[in-house]
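Student: I have the sequence and the model open side by side, and I'd like to go through a few spots with you. Could we begin with a charged side chain and work outwards from there?

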Amino acid sequence: MSLKVLLRGLPCAAASALLFGAQAARAELPRIEYRFEGFDIRLAGGIASQGAVFDDDDAATDSPDAKVDVFARLNAQWTSPGGIVIGANIEQNNRRRASEVLEAGEVYGFVASDYGRIEVGLQDGPADTLAFAAPLVALGQVRGEFSRYAGQQALLRALDTQDAFKVLYLSPPIAGLRGGVSWSPKVRRNTEAVDSREQIRLEDAFEFGLQYQQPVGDWILGASASYVTGNADELTTRADLSSWSVGFDARRGSLRIGGAYVDRGDSNRLTPGFDQWEVNGGIGWVTRTWGVAGSAAYTKASDRSNRLIGMGGFYRVTRNIELRADVVQFREERLMQLRDEGVSAVVEVQLTI
């Protein structure tokens, strides 16, 4: 096995964080926000610098540079005298983060009232937002930043439409039950590929989500179910989108426990009968200033399997500085091919204002 070390950019960011932390310890940077007569506007931005050490059996794995991510978020809303909330959310990154792939590039408007919430734009659907799965913190553990360097992520939830344009409705909680449905007229990924088989082209993709939560003694227990469907363009020769998951969640104070079963079948695959499924689960402890989590996942398909075990956490030095770290062990096997296994450790410093 070859040991690959990618720490370029991290020392500089760490030094900056220490200097920034010394200044912030004396006086934290003010929040950028505006409130007046029902208007609430908040702007946030920051930079995160990553480094990694990983050991990998796969000789073809390259050695990418350490990652530096810049992000910005704008949240604006107005609350009417009657309690109706109208607003918009914008979130942009300079690149898709592995642990936040479903949150990058969001631009949508919304209207919320006692009758529920309607969103229109580029955002996640209810198959993701209402689904319970293994609890993840900071860098994401089994569905996290480690995959930037080596290994494959866990599925975690049903295969969905990610940040495609959609119209979404979320119901208000009624006796602990909440549901949601979204429609994406078109889903497009990798459309610049010359080979149409490498493109993702879906029409009329629907997501359905259902979540139920109830207090039981000192615990809050929950269950979820989600389903996603969509028609694949015949030009791509891919299968239609059809995926579902069921999950559970249990919380008591800072303690979080959760897991899920995911069935993706051959959703939008080129290979018929792929029959992919996953079981994942984990436990975490999250407070305002620090958190840790451990998660595991086993993914199986007709010709391959992937086992992941990850641990990680975060520590908030100040409101503006957060230190994050993950260690993930992976083991991938494919039919008639050599096994690929290894360990990936990632460290990140994130500065926000």
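Student: Where does Arg143 lie?

Tutor: Arg143 is in the loop that runs between helix H2 (126-129) and strand S8 (165-170). Please keep in mind throughout that this is a predicted model.

Student: Is Arg143 buried or exposed, and what is the nearest side chain of opposite charge?

Tutor: Arg143 is buried, and yet it has no salt bridge. The nearest side chain of opposite charge belongs to Asp128, which is 6.5 Å away.

Student: Which backbone oxygens lie by a polar atom of the Arg143 side chain, then?

Tutor: The backbone oxygen of Ala154 is 3.0 Å from a polar atom of that side chain, and the backbone oxygen of Leu155 is 3.5 Å from a polar atom of the Arg143 side chain.

Student: How many salt bridges does a search of the whole structure find?

Tutor: The search finds 16 salt bridges. As background, side chains of opposite charge can pair when their charged atoms come close.

Student: Which residue does Glu145 meet in a salt bridge, and are the two buried or exposed?

Tutor: The side chain of Glu145 meets that of Arg148, at 3.3 Å from N to O. Glu145 is buried, with a relative accessible area of 0%, and Arg148 is buried as well, with a relative accessible area of 14%.

Student: What about Arg35, which residue does its side chain meet?

Tutor: The side chain of Arg35 forms a salt bridge with that of Asp40, at 3.8 Å from N to O.

Student: Which residues are linked with Arg35 and Asp40 in a network of salt bridges?

Tutor: Glu33 and Arg42 are, so the network of salt bridges links Glu33, Arg35, Asp40 and Arg42.

Student: Changing topic to the backbone: what is the phi of Glu37, and where is Glu37 found?

Tutor: Glu37 has a phi near 45°, which is a positive value in a residue other than glycine. Glu37 is found in the loop between strand S2 (32-36) and strand S3 (39-56), and it is exposed, with a relative accessible area of 64%.

Student: What about Thr237?

Tutor: Thr237 is not a glycine, and yet it has a positive phi of about 60°. It lies in the loop between S11 and strand S12 (241-252).

Student: Which strand is Gly87 in, and what is it in contact with?

Tutor: Gly87 is in strand S5 (residues 85-93), where it is buried, with a relative accessible area of 15%. Leaving aside its neighbours within four places in sequence, Gly87 is in contact with Ala76, Gln77, Tyr108, Gly109 and Phe110. Gln77 is ten residues away from Gly87 in sequence, and their C-alpha atoms are 3.8 Å apart in space.

Student: To zoom out, how many helices and strands does the protein have, and what share of the residues is buried?

Tutor: There are two helices and 18 strands, and buried residues make up 46% of the 353 residues. Among contacts with a separation of 6 or more, 60% are between residues 24 or more positions apart. The protein exposes about 17600 Å², of which carbon and sulfur atoms supply 60%.

Conventions: Residues numbered from 1 in each chain as written. Predicted model: local features only at pLDDT ≥ 70, side-chain atom pairs only at ≥ 80, totals over all residues. Heavy atoms only, no water. Helix = DSSP H or I, 4+ residues; strand = E, 2+ residues; numbered from the N terminus. Buried < 20%, exposed > 50% of the residue type's maximum accessible area, 1.4 Å probe, protein only. Lys, Arg positive; Asp, Glu negative; His and termini not counted. Salt bridge = Lys/Arg side-chain N within 4 Å of Asp/Glu carboxyl O. Polar contact = N/O pair within 3.5 Å; in protein donor to acceptor, adjacent residues only side chain to side chain. Contact = heavy atoms within 4.5 Å. Areas by Shrake-Rupley, 256 points an atom, 1.4 Å probe, with all protein chains shown as cover.
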